[in-house]
Amino acid sequence: MVSTKGGHKRLATSVVATVTAGLALGAFALSGSATGTPRPAGAVKAADGDGAVKPTIVLEHGAFADGSSWNGVIADLRADGYPVVAAANPLRGPASDAAALRTVLDHIKGPKILVGHSYGGNVISQAAADDPEVKALVYVAAFLPAPGESALELTNKFPGSTLPDALDPVSHQQADGTTATDLYIQQDKFHQQFAADVPAEQAALMAAAQRPIAQSALVEKATAAAWKTKPTWDIVTTRDFNIPAAVQRFMAERAHARTVEVAASHSVAVSHPELVADVIRQAARTAH
């Protein structure tokens, strides 16, 4: 059962969740066509039924994941004619990661819908600020920080996250001689912590391929909040052990986001790709 709400209204709808395989688009400079054949960004894009040009969907993954976490969502959206780009998130800090994402956004011509998962929400909130071509934001089990807030601060706002006990910190020396720490999720805890509703074999592959986040990125404070000025959608995951549902609801309500709640793990884009794609389509159709 999935519930949706806008403001104080709630509408319950049933959703069939089917995990589908898809091909992630690896090149930033390409956007997909309805046939699945890549074409240069800026080429003529597919139109909606009413003749409007379909926006490019830009997906930003979060910590402990990579672009392949969007595979099922990409396949669903491309089958519907949407151009899609899954950007690689460096996971070094909101400011530098947002700058990297803006290089992708600047290369794609025309309207865009920006989607962020988990820590990727911090990044899209900053990258989309003052960009008129970003028509809407979609947050997927994600952070919606206000200026001055960090991911760690928001996570701890309400109890429920078990992430600290699952982390595997790895320290390393940087080029300037200082020491920094990257954070992984321990592989034997990854399934339960990050992707409990994903088949065990698939979760094991995700654990092996996870990208670490700089510990400093989780305490770096946000400097912009694009959700204050752009139409915003939010998928809240009620069985999330990374970002507690209470935290997600707090941020969604504060942003006046059109909200969908689903009984899913933090890896909702993997376990419920059709649901995530459907919310993105709602944003794409509504925000012109």
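1. Asp182 has Ala214 of β11 as its bridge partner. Strands and helices here are DSSP runs, numbered from the N terminus, with at least two residues (E) for a strand and at least four (H or I) for a helix. The model is predicted, so that local features need pLDDT of at least 70 and side-chain atom pairs count only at pLDDT 80 or more, while totals for chains, interfaces and linings use all residues. Residues are numbered from 1 along each chain as its sequence is written, and side-chain values use heavy atoms, with hydrogens and water left out.

2. The strand β10 (residues 179-185) pairs with β11 in the antiparallel sense, over two bridges; two strands count as paired if DSSP finds at least two bridges between them. The open sheet consists of three strands in the order β9-β10-β11, with antiparallel pairing. Its edge strands, β9 (167-173) and β11, each pair on one side only.

3. Seven salt bridges are found in a search of the whole structure. The term denotes a side-chain nitrogen of Lys or Arg within 4 Å of a carboxyl oxygen of Asp or Glu. One network of salt bridges links Asp76, Asp80 and Arg281.

4. A salt bridge joins the side chains of Glu133 and Lys112, at 2.8 Å from N to O. This pair links distant parts of the chain, 21 residues apart: Glu133 is in the loop between α3 (120-127) and β8 (134-140), and Lys112 is in strand β7 (residues 112-117). Lys112 is buried, its relative accessible area being 0%, whereas Glu133 is partly exposed at 33%. Buried means under 20% relative accessible area, exposed over 50%, and partly exposed in between (1.4 Å probe, protein chains only).

5. Arg254 and Glu149 also meet through their side chains in a salt bridge, at 2.9 Å from N to O. Here too distant parts of the chain are linked, 105 residues apart, with Arg254 in helix α8 (residues 245-254) and Glu149 in the loop between β8 and α4 (151-155). Arg254 counts as partly exposed at 24% relative accessibility, and Glu149 counts as buried at 13%.

6. For Glu153 and Lys221, the side-chain salt bridge has an N to O distance of 4.0 Å. Glu153 lies in helix α4 and Lys221 in the loop between β11 (213-214) and β12 (232-237), so this pair ties together parts that are 68 residues apart in sequence. Glu153 is partly exposed, at 40% relative accessibility, and Lys221 is partly exposed, at 48%.
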